[in-house]
Amino acid sequence: MRARLERDFDRFKRGLPRDFPAHVRETYGIDLTARYLGELVPHPIGKGSGQLSLNPGQLDDDAAAGLAFAVLKTVIAEDATGAQAMAAWAIHETKMKVERRRAGADREGWTVTWKGRGWDRPFGEYLALLRAGRDLTRAGRLLVVPSVKYHLPRLAEPFREDEYRHTTGLLADAWGDPPLLLEKDFSPTLAGDELADDRAQILRWLREVPGRIRAASPIPVRVAMKLMNARFDDAFQVEMMNASTEADALVCFNRLFDAARGVAYGGWDLSDRNLNVLETQLTSHASAGTPGLTGTGNICSGRMILEYARRGCESVQLHTFFQLPLSEYAATHGSRVQRALHALVFHPRDGLIAVMLEREARGELERQGGELRFLDLRAHAYHAG
Ligand SMILES: Cc1cc2nc3c(=O)[nH]c(=O)nc-3n(C[C@H](O)[C@H](O)[C@H](O)COP(=O)(O)O)c2cc1C
């Protein structure tokens, strides 16, 4: 198996097989099937919402590369008059800087420094992008899901239901056949905003927002809540997860916020925090009612995917690893997403195949019907937890 993996890694530097999950299944007896927002996907690797899902061309490239799913850039909700309670998040900024970020003395990671926020073009253009995504989803080429930042009130205020209704109605119309899948973003800049100073206020959002979206939608809807890293301790982060039981899925967790520089960041500090919280939550009494989990943050190897999966994640969302300088990828051909998939799945030491075989060899993952299954990692996590 090891020799075959070395050979595959080498020959796929020029391009992955068209259906690489089928190849992995036939060659290694590994079933990479994963789940995002209740949908089965051929493998766990998707693209997180952001600057890499702004136009149909990017989605076409992702489908061709064999990505499992893509979440569109976050759009800011609006009411019928075009008013946006969260308008402060609809600002324009194009420049991104991919930088090294050190954690502790010895670990170099990557982060993307960027001062922008949500979708800054007209809502109608977002609907056109969603229709392009819908067509790819229907064709079975790429599962595409929109992301929204809806109004979040202060404790004493009501939710602006007209904003929820108008925005969700437009998205549902553009999508067509139910269910509508969507993510609600709680971003790092929100975590850094004074709106997020109050714990009770945050917990109310988490308890009530899924129901608000459901009530506002003309068709059945599944809601993933992309939780922020709040500026409180790990115990509160667990409390946030446990308050979100009405959601269909949780994306854990968006980037950290550097208050001094006023920017979000990732790297090892982010994955350390996320993995630590996921592990603590797994052993909390409330974990049985936890919605499906998707991991995000500093995922640059199959080994890191496994770390999230061992703590209950059924899939993962990446952004930074799709933006590195070309010299950082072993593959010599293809888009950055293709080159990233090559490393994440086939790297002979740290790729997903290698680390699943490693777990099997240690007696920590067993074959079922002759196959190692990615989704069994989650089952093991809950069993152990
Ligand atoms: C430049 C940039 C823009 C982003 N924009 C959004 C966004 O609009 N909505 C959102 O939910 N997440 C956004 N994210 C967060 C990513 O989707 C992802 O969850 C996060 O960066 C952690 O993954 P990573 O370490 O692989 O980058 C953005 C990230 C970056 C780097």
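**Ring pairs, a helix pair and one buried alanine**

Helix α1 (residues 2-11) packs against helix α2 (residues 20-28) at an angle of about 155 degrees, and their axes are 12 Å apart. That angle makes α1 roughly antiparallel to α2, a label given to angles over 145 degrees. Bear in mind that this is a predicted model, where local features need pLDDT of at least 70, side-chain atom pairs count only at pLDDT 80 or more, and totals for chains, interfaces and linings use all residues. Residues are numbered from 1 along each chain as its sequence is written, and side-chain values use heavy atoms, with hydrogens and water left out.

- Helices here are DSSP runs (H or I, at least four residues), as are strands (E, at least two), numbered from the N terminus.
- Axes are lines fitted to C-alpha atoms, for helices over the stretch in contact, with angles running from 0 to 180 degrees between N-to-C directions.
- The α1 and α2 crossing is right-handed, meaning that the near helix is turned clockwise from the far one by less than a right angle.
- On the α1 side, R4, L5, D8 and R11 make the contact (heavy atoms within 4.5 Å); on the α2 side, H23, T27 and Y28 do.

**Aromatic pairs**

- There are 10 aromatic pairs in the structure, counted for rings of Phe, Tyr and Trp (its six-membered ring) whose centres lie within 6.5 Å.
- One of them, Y150 with Y164, is stacked (planes under 30 degrees apart), at 4.5 Å centre to centre and 15 degrees between the planes.
- That pair links distant parts of the chain, 14 residues apart: Y150 is in the loop between β8 (143-149) and α5 (161-175), while Y164 belongs to helix α5.
- F321 and Y329 pair edge-to-face (planes over 60 degrees apart), with 5.6 Å centre to centre and 65 degrees between the planes.
- F321 and Y329 are buried too.
- F12, F20 and F346 are joined into a cluster by ring pairs.

**Charges over rings**

- R117 lies over the face of W89, 4.8 Å from the ring centre; the test is CZ of Arg or NZ of Lys within 6 Å of the centre and within 35 degrees of the ring normal.
- K184 does likewise with F186, at 4.5 Å from the ring centre.

**Around A172**

- A172 sits in helix α5 and is buried, with a relative accessible area of 4%.
- Setting aside neighbours within four places in sequence, A172 contacts L180, S217, P218 and I219.
- A172 and S217 are 45 residues apart along the chain, yet their C-alpha atoms are separated by 7.1 Å.

How values were computed. Buried < 20%, exposed > 50% of the residue type's maximum accessible area, 1.4 Å probe, protein only. Parallel < 35°, antiparallel > 145°, perpendicular 65-115°, else oblique.
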